[in-house]
Amino acid sequence: MCGICGVFGERDKNLVLKMSDIIAHRGPDEDGYYEDEECSIGIKRLSIIDLETGNQPFSDERGTFWVVMNGEIYNFLEIRKNLGEKGHRFRSKSDAEVIPHLYEEYGIDFVKHLRGMFAIALWDTERKRGILIRDRLGKTPLYYIYKNGRTYFSSEMKTFLKTQIVSPSINPDALSLYLTLQYIPGEESLINGIKRLLPGHILLYENGTYRIHKYWDIIFEDEISDQRKNIESVRELMEESVRYRLLSDVHLAITLSGGVDSTAIAVLARREIAPLTTITIGYPDYPDYDERKEGLKTALKIGANHIELTLRKEDINVFSKTCLAYG
C-alpha cells in the first residue's frame, strides 16, 4: 500500500506536501515529488518491490512523462522485457517504472497491457495532460475533485478536507443510497464535491477541463458444458493468479481463515514459497466467529509457519483508528 496525491492545472508544492503528510501512514518508507508549472504530484511509498532504487516518481529516459502509482503491476517483468527489446532503458527494477515507457509506446491505451491492482497518476509534460487511472475492479482507491479548472486527486478523501480544498458537507443523496443499499453506487461519495474514479475508468485532464471514459468491462463468455474443463480452467487461472502475486522483495504472509478461499490460496502459495507464513486472527470473546482451529489445521497440513493473533472486546478502541485510516 502506498499513497498518491497531487493537482493537475497548477504548481502547488506546499499543498501537495501537506496532502502527502496526511496519508503518510500508507507509505512510511519513502516519499517523492515532481512539479512543473502546471502540475504537482506526490507519493508516500511502502516498499515491496525494488527496495533500493524503486522510489517514485518515475519518468521515461527524456523526463517527459512522470508517474506515481499506488499498487502493483503483476506482469511488469514481461512488459519490461518487451519494452527493452524496443530500446527502452530502465534505472530500477520497479514495476512502476514500466508505466511511463508504456505510455510512450501506446499512449492512453497503455493501461490495456497492465495486469494488477493500481491507482496511477501520470503527467505528460509535452501535451500538458494529466491522466488518472484506476484498476479494473477498483481494488485500489482513488478520489478526485474538479475545482476552478484544476483536478485534485488523492488515495484518501481526508486529504481534501484537512487541506480545505473542499468544505466538509454531507452529500444527502449519497447518504440515502448508503442507508438503503449499504454501499454507494457510482462515483459520488459521502462528501459533497469529492468523487471516486470508478473501477476500469480513466480521467483525462487537458486545457483546464476533464473527461472520463471506461477502458475495461467484464465480458461473459459462453458456458463450457464440460465440467472437467471448467475445473481445470479455474485451477489454472488460480495457480497463475497466485504465482503473479508472490513476487516481492520483502517477506510475504497469507491471512488464513477457515474458509475455502484463503485455504485454496495458501495451498497454492505453499507450492511456490518455502517456508510460507500464515496468519489467523481469532476472537476468543466471540467463539462462533473464531476460526483459529480451522486455520491451524490448514497450516499444519501444508507445513506453514503459523502465527495466531487475537482481538478481544477491549480492542474495540482500535475501530475508530481503523476507520480514520480508511478515510
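**View 1. Strand 6 and strand 7 side by side.** In this predicted model, strand 6 (residues 116-124) and strand 7 (residues 129-134) run antiparallel and are joined over six bridges. Strands here are DSSP E runs of at least two residues and helices are H or I runs of at least four, numbered from the N terminus; two strands pair if DSSP finds at least two bridges between them. Look for Trp123, whose bridge partner in strand 7 is Gly130.

**View 2. The whole sheet with helix 3.** Six strands make an open, antiparallel sheet in the order 4-5-6-7-11-12. Strand 4 (58-59) and strand 12 (209-214) each have a single partner strand, so one side of each lacks a neighbour in the sheet. Helix 3 (residues 98-106) packs on this sheet and touches strand 4, strand 5 (65-73), strand 6 and strand 7, with contact meaning heavy atoms within 4.5 Å. The directions of helix 3 and strand 5 make about 120 degrees (axes are lines fitted to C-alpha atoms, for helices over the stretch in contact, with angles from 0 to 180 degrees between N-to-C directions).

**View 3. The second largest pocket.** Its lining counts 14 residues, with Ile281, Tyr283, Leu311, Val318 and Thr322 nearest the centre. A pocket is an open set of points on a 1 Å grid over the protein atoms alone where a 1.4 Å probe fits, with protein on both sides within 12 Å along at least five of seven lines; lining residues have an atom within 4 Å of a point. Helix 9 gives the largest share of the lining, three residues.

**Notes.** Residues are numbered from 1 along each chain as its sequence is written, and side-chain values use heavy atoms, without hydrogens and water. Local features need pLDDT of at least 70 and side-chain atom pairs count only at pLDDT 80 or more, while totals for chains, interfaces and linings use all residues.
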